[in-house]
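User: I am new to reading protein models. Can you take me through one, feature by feature?

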Amino acid sequence: VTAGMLFFCSLAVFAFAKLRFKGRDPLMVIVLLTLTIPNQLGVVALYIVMVRLGWQGQLISVMVPALVSAFGVFYMRQFITDSVPDELVESARVDGASTFRVYWNLVLPIIRPALGVLGLLTAVGTWNEFQWALITLGSGDHPTIGVALSRLASGSYVKYRIVIAGSLLATLPLIILLFVAGKQIVKGIMEGALKT
């Protein structure tokens, strides 16, 4: 989910920020307006789509809806607008680079700090996802961490030692991720602060 989010959001943002096409600004406004709609309002419609696709009870039903978000597009657009000058994109085009090559070889290396921050936020949000995973997976055999922890804590007799051990194991990957990607994340936050 994190890799998909970073790829699709950065690709969409490159199109919104650096490509000229008809309806670009109204489409960006529509994307931003979706930030004002609570996720809970779309749960029923999304569940119907997952049932019709035959994905109910499968992990793919949790992963696909999270591959792109309006917040990711908005956050990355703010960064790419300030970090990548239009002249740099135009000079790459004059040199014969295709649009995807400009995105892949020129824009992605420049926006790495923002990708690090968005990647961490996405990884934490996806790892902690509970509501949609509980709805779409139900009592399936492949629960997410949040659903599995809620199952441990439910019942007439709760073994708190097991719940606490499960909570510790659920937080360890996030702590490791913070140590591994911490420097990139701090760099991204500092670059965003210095640009304003």
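**Reading one residue, then the whole chain**

Analyst: Let us start with L115, which has its place in helix α8. Keep in mind that this is a predicted model.

User: Is L115 buried or exposed?

Analyst: Look at the relative accessible area. Under 20% counts as buried. L115 has 13%, so L115 is buried.

User: Which residues is L115 in contact with, leaving aside its neighbours within four places in sequence?

Analyst: There are four names to find: L6, S10, M76 and L108. L115 and D86 are 29 residues apart in sequence. In space, their C-alpha atoms are 20 Å apart.

User: Now the whole chain. How many helices and strands does the protein chain have?

Analyst: It has 11 helices and zero strands. Read along the sequence, the pattern is therefore α repeated, α-α-α-α-α-α-α-α-α-α-α.

User: What box do the C-alpha atoms fill?

Analyst: Taken along the principal axes, the box is roughly 70 × 40 × 30 Å. The chain has 196 residues, and 30% of them count as buried.

User: How do I read contacts across the sequence?

Analyst: Ask how far apart the partners are in sequence. Take the contacts between residues at least 6 apart. Of these, 75% join residues at least 24 apart.

User: Which residues have the most contacts inside the largest nonpolar core?

Analyst: They are F14, V73, M76, I80, V107 and I111, in a core of 26 residues. At least two residues come from each of α1 (2-18), α2 (24-33), α5 (70-83), α6 (86-94), α7 (99-110) and α8 (112-127). The most come from α1, which gives seven.

User: How many aromatic pairs does the structure hold?

Analyst: It holds eight. To read one, check two values: the distance between ring centres and the angle between planes. For F16 and F21, the centres are 6.3 Å apart and the planes are at 45°, so this pair is tilted.

User: Why is the pair of F100 and W104 called stacked?

Analyst: Planes under 30 degrees apart count as stacked. The planes of F100 and W104 are at 15°, so they qualify, with ring centres 5.9 Å apart. Both residues lie in helix α7, four residues apart, which is about one turn of the helix. F100 is partly exposed at 44% relative accessibility. W104 is partly exposed too, at 45%.

User: Which residues do ring pairs link into a cluster?

Analyst: The cluster is made of F7, F8, F14, F100, Y103 and W104.

User: One more feature: charge. How far apart are the mean positions of the positive and negative charges?

Analyst: The chain has 15 positive and 9 negative charges. Their mean positions are 8 Å apart.

Key:
Residues are numbered from 1 along each chain as its sequence is written. This is a predicted model: local features need pLDDT of at least 70, side-chain atom pairs count only at pLDDT 80 or more; totals for chains, interfaces and linings use all residues. Side-chain values use heavy atoms; hydrogens and water are left out. Buried means under 20% relative accessible area, exposed over 50%, partly exposed in between (1.4 Å probe, protein chains only). Contact means heavy atoms within 4.5 Å. Lys and Arg count as positive and Asp and Glu as negative; His and the chain ends are not counted. The place of a charge is taken as NZ of Lys, CZ of Arg, CG of Asp or CD of Glu. A nonpolar core is a set of buried Ala, Val, Leu, Ile, Met, Phe, Trp, Tyr and Cys residues joined through side-chain atoms within 4.5 Å. Rings of Phe, Tyr and Trp (its six-membered ring) pair if their centres lie within 6.5 Å; planes under 30 degrees apart count as stacked, over 60 as edge-to-face and the rest as tilted.
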